[in-house]
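User: Hello! I am new to this structure and would like to know what the words used for it rest on. Could you show it to me and take me through them?

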Amino acid sequence: MTDESAFESLRAKIDELERKVASNRRTEKALVDSEKRYHRLNDKLSVTVYSAVPDSTDSGFYLSGRMRALTGYSEKRFMKDALFFKSIIHPEDQNHVMRRIRYALNNKEVFDLVYRINTKDEKTKWIRDRA
């Protein structure tokens with residue numbers, strides 16, 4: 001291989017790497033932009049959005065920013081302890097709610113529950129939980 005052909009081969013590899021880097025940067029920017037749009041939309045919802053199994057610590061966990069308005073507790077409080085949400089379900093509703101959630105999960109069914117939670121300021125709120 002001559003020096004010139006080696007140089008051209010190296011130049012072609014560098015060009016390919018530059019194209020891949022540029023493509024990755026565009027993909028990363030698109031992801032960041034998409035996440036920003038999602039968070040702006042989610043923050044404007046008048047509902048609390050979550051993804052978790054309240055009696056499990058091994059499920060994926062997501063919580064929208066509206067949880068504080070609903071419960072009085074910060075999102076960090078829920079994120080620190082995946083079982084915390086279960087603890088704020090009103091004691092008279094807790095067994096029923098947990099049974100219904102387990103049944104829905106085990107049978108891959110949707111559940112639609114209305115139950116009470118106890119807020120940080122010691123108020124009782126009725127909520128509708130659909131999943």
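Analyst: Let us begin with the elements: helices (H or I, at least four residues) and strands (E, at least two) are DSSP runs, numbered from the N terminus. With those names, E122 is found in the loop between β3 and β4 (124-130). This is a predicted model, in which local features need pLDDT of at least 70 and side-chain atom pairs count only at pLDDT 80 or more, while totals for chains, interfaces and linings use all residues. Residues are numbered from 1 along each chain as its sequence is written, and side-chain values use heavy atoms, with hydrogens and water left out.

User: Why is E122 called exposed?

Analyst: Exposed means over 50% relative accessible area, buried under 20%, and partly exposed in between (1.4 Å probe, protein chains only). E122 has 75% relative accessibility, so E122 counts as exposed. E122 also has a positive phi of about 65 degrees although it is not a glycine.

User: And what makes R116 buried?

Analyst: The relative accessible area of R116 is 15%, therefore R116 is buried. R116 lies in strand β3 (residues 112-118).

User: How do you know that the side chains of R116 and E92 are joined by a polar contact?

Analyst: A polar contact is a pair of N or O atoms within 3.5 Å; within protein, one must be able to donate a hydrogen and the other to accept it, and residues adjacent in sequence count only if both atoms are side-chain atoms. The contact between the side chains of R116 and E92 is 3.3 Å.

User: What puts the buried residues of α5 on the same side?

Analyst: The buried residues of α5 are D93, V97, M98, I101 and A104. They cover an arc of only 130 degrees around the axis, so they are on the same side of α5. The arc is that of the directions from the helix axis to the C-beta atoms. On the other side of α5, N95, R99 and N106 are exposed.

User: What do the buried residues of α5 pack against?

Analyst: They pack against α4 and β3, where contact means heavy atoms within 4.5 Å.
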